[in-house]
Amino acid sequence: MKWYRHIDIGEQARKNRYRIIGKIRRNKLQMDIYVITLALNASDLLDIYPAYVLCQRHFQKQEYLIVGIAKGYEEAINVVVKIVTEVYTKTGTFGIREYIGR
């Protein structure tokens, strides 16, 4: 699991961002926290996962790049919209991987 340097954090998650990130790194269970990652397949742009699934062994073996954090699923959707809109506005495409430099 890797972290994007310019991670997008939702407004509600921003208040406790250091605690949230620390718990994710230590594989602690967190309810109602979501992470946004680059999609593992080429046909999708981003994936949204509840943070607690990152504690599972399968997820620890994969190379996920976390690009956003949110508190609540609705905020996660808003963070995804913000990321996609920013990339499209700056590049004119939906090439999130290219924009992030991955």
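Me: In β4, which residue is the bridge partner of Ile36?

Reply: Gly68 is the partner of Ile36 in β4. Strands here are DSSP runs (E, at least two residues), as are helices (H or I, at least four), and both are numbered from the N terminus. This is a predicted model, where local features need pLDDT of at least 70, side-chain atom pairs count only at pLDDT 80 or more, and totals for chains, interfaces and linings use all residues. Residues are numbered from 1 along each chain as its sequence is written, and side-chain values use heavy atoms, with hydrogens and water left out.

Me: And the bridge partner of Ile33 in β4?

Reply: Ile33 has Lys71 as its partner in β4.

Me: In which sense do β2 and β4 pair?

Reply: Antiparallel, over 5 bridges, with β2 covering residues 33-38 and β4 residues 65-71. Two strands count as paired if DSSP finds at least two bridges between them.

Me: What about β1 and β4, parallel or antiparallel?

Reply: β1 and β4 are parallel, joined by 4 bridges. In that part of the sheet, Ile9 stands opposite Ile69 of β4.

Me: What is the order of the strands in the sheet, then?

Reply: The order is β1-β4-β2-β3, in an open sheet of 4 strands with mixed pairing. At the edges are β1 (2-9) and β3 (46-50), each of which pairs on one side only. From one strand to the next, the twist averages 30°.

Me: How many residues of β4 are buried?

Reply: In β4, 6 of the 7 residues are buried, so the strand is largely enclosed by the rest of the structure. The cut-offs are under 20% relative accessible area for buried, over 50% for exposed, and partly exposed in between (1.4 Å probe, protein chains only).

Me: Switching to β2. Is Thr37 buried or exposed?

Reply: Thr37 is buried, at 0% relative accessibility. Its place is in strand β2.

Me: Which residues is Thr37 in contact with?

Reply: Leaving aside neighbours within four places in sequence, Thr37 is in contact with Leu45, Leu46, Asp47, Tyr49, Tyr64, Leu65, Ile66 and Val67. Contact means heavy atoms within 4.5 Å.

Me: Which strands does α2 lie across?

Reply: Helix α2 (residues 17-25) lies across β1, β2 and β4, and runs at about 150° to β1. For such angles, axes are lines fitted to C-alpha atoms, for helices over the stretch in contact, and the angle runs from 0 to 180 degrees between N-to-C directions.

Me: Which residues in α2 are buried?

Reply: Ile20, Ile21, Gly22 and Ile24 are buried in α2. The cover over the buried residues of this helix includes β1, α1 (11-14), β2 and β4.

Me: What follows α2?

Reply: Asn27 follows α2 and has a positive phi, near 60°.

Me: Charges next. How many salt bridges are in the whole structure?

Reply: A search of the whole structure gives 5 salt bridges. Each is a side-chain nitrogen of Lys or Arg within 4 Å of a carboxyl oxygen of Asp or Glu. Side chains of opposite charge can pair when their charged atoms come close.

Me: Which residue does Lys2 form a salt bridge with?

Reply: Lys2 pairs with Glu63, and the closest N and O atoms are 3.9 Å apart. Lys2 is in strand β1 and Glu63 in the loop between α3 (57-61) and β4, so the pair ties together parts 61 residues apart in sequence. Lys2 is partly exposed at 42% relative accessible area, and Glu63 is partly exposed at 45%.

Me: Where do Arg14 and Glu11 lie?

Reply: They lie in helix α1, and because Arg14 and Glu11 are 3 residues apart there, about one helical turn separates them. Their side chains meet in a salt bridge at 3.9 Å, N to O. Arg14 is partly exposed, at 32%, while Glu11 is exposed, at 58%.

Me: Last one, Glu86. Which helix is Glu86 found in?

Reply: Glu86 is in helix α4 (residues 73-91). Glu86 forms a salt bridge with Lys90, the closest N and O atoms being 3.9 Å apart. Both residues lie in α4, 4 residues apart, or about one turn of the helix. Glu86 is partly exposed at 28% relative accessible area, and Lys90 is exposed at 58%.

Me: What else does Glu86 touch, not counting residues up to four places away in sequence?

Reply: Glu86 touches Asp8 and Tyr99. Glu86 and Tyr99 are 13 residues apart in sequence and 9.8 Å apart in space, C-alpha to C-alpha.
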